[in-house]
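Me: I'm new to reading protein structures. Could you walk me through a few features?

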Amino acid sequence: MKSKLRKNLSTRGFENLRAFYYDYKRYKTRVFQKKNLLQPAFENIQLGAGVRSVEGWVNVDLSGGDINLDLTFGKLPWKDSSVQNIVSQHVIEHLVIEDELVPLLREAYRILKPTGELWLATPDLRKICQSYLDNNCKVLYDDRVARMPHWSLNGYPTQHMINDFFHQQGEHKNLFDFELLKWVLEKCGFRNITRVSETDLLKRFPGFPERGDDIQALYVLAIKD
């Protein structure tokens, strides 16, 4: 019992330290985001780049990017109509729709030039639910293991994939099907919205590293009128 308690306290202590670290990072970036609007170094911006930086793009993340920004803040530091293309893969599911995502997408609309393109990728709610009904998520499980050989469900049956998509260590705030994401984009000013694929994204921007995630992902292109 004491050993379990010590383990729980240790885990909570690590989580608190991690939360403090990210809060500090967010504070620093928000100070920058409140400054005067900038002209971007490139007309192409990747939001939530992580370790997948692309040459010729402004690669943005909370830390380690060309520019470090807190995407939950809902403010982007660039001038109106100064950006031609924005790409963001597997970021929007980490943002609360009302308080974080809608403000961010409105900012994306503001900084895009007329005919500018916003490309989004996120787990596809419809594909996930259909796979659960068809085969207990076995197809999604096999796809994940093929792309990430060291990933594991730790012995849990493939149905547990549904929990991974919905919660994923508590980091996913929401999931989208095309209709929901289209509705959110329209709320933020976009009108020309189509379902696309990773293949379409890579043809348009060959410099992006391939994820190979079409089986489980929703790709959407929104063009500013």
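This is a predicted model: local features need pLDDT of at least 70, side-chain atom pairs count only at pLDDT 80 or more; totals for chains, interfaces and linings use all residues.

Me: Strands first. Which way do strand E1 and strand E2 run, and how many bridges join them?

Reply: A general idea to start with: in a regular strand, side chains alternate between the two faces of the sheet. Here, E1 (residues 44-47) and E2 (residues 58-61) run parallel, joined by three bridges. Look for Ile45, which sits opposite Val58 in E2.

Me: What joins E2 to strand E3?

Reply: Two bridges do, and E2 and E3 (residues 67-68) run parallel. In this pair, Val60 stands opposite Ile67 of E3.

Me: Now helices. At what angle do H2 and H6 pack?

Reply: Helix H2 (residues 97-111) meets helix H6 (residues 178-187) at about 60°, and their axes are 9 Å apart. Angles from 65 to 115 degrees would count as roughly perpendicular and those under 35 as roughly parallel, so H2 and H6 are oblique to each other. The crossing is right-handed. On the H2 side, the contact uses Ile97, Leu101, Val102, Leu105 and Arg106, while H6 brings Val184, Leu185 and Lys187. Sort those contact residues by type and you get six nonpolar, two charged and no polar ones.

Me: Where is Asp124, and which residues does Asp124 touch?

Reply: You'll find Asp124 in the loop between strand E5 (112-123) and helix H3 (125-135). Leaving out residues up to four places away in sequence, Asp124 touches Phe176, Asp177, Arg195, Gln216, Ala217 and Leu218.

Note on methods: Residues are numbered from 1 along each chain as its sequence is written. Side-chain values use heavy atoms; hydrogens and water are left out. Helices (H or I, at least four residues) and strands (E, at least two) are DSSP runs, numbered from the N terminus. Contact means heavy atoms within 4.5 Å. Two strands pair if DSSP finds at least two bridges between them. Axes are lines fitted to C-alpha atoms, for helices over the stretch in contact, and angles run from 0 to 180 degrees between N-to-C directions. Angles under 35 degrees count as roughly parallel, over 145 as roughly antiparallel, 65 to 115 as roughly perpendicular and the rest as oblique. A crossing is left-handed if the near helix is turned anticlockwise from the far one by less than a right angle, and right-handed if clockwise. Ala, Val, Leu, Ile, Met, Phe, Trp, Tyr, Cys and Pro count as nonpolar, Asp, Glu, Lys and Arg as charged, and the others, Gly among them, as polar.
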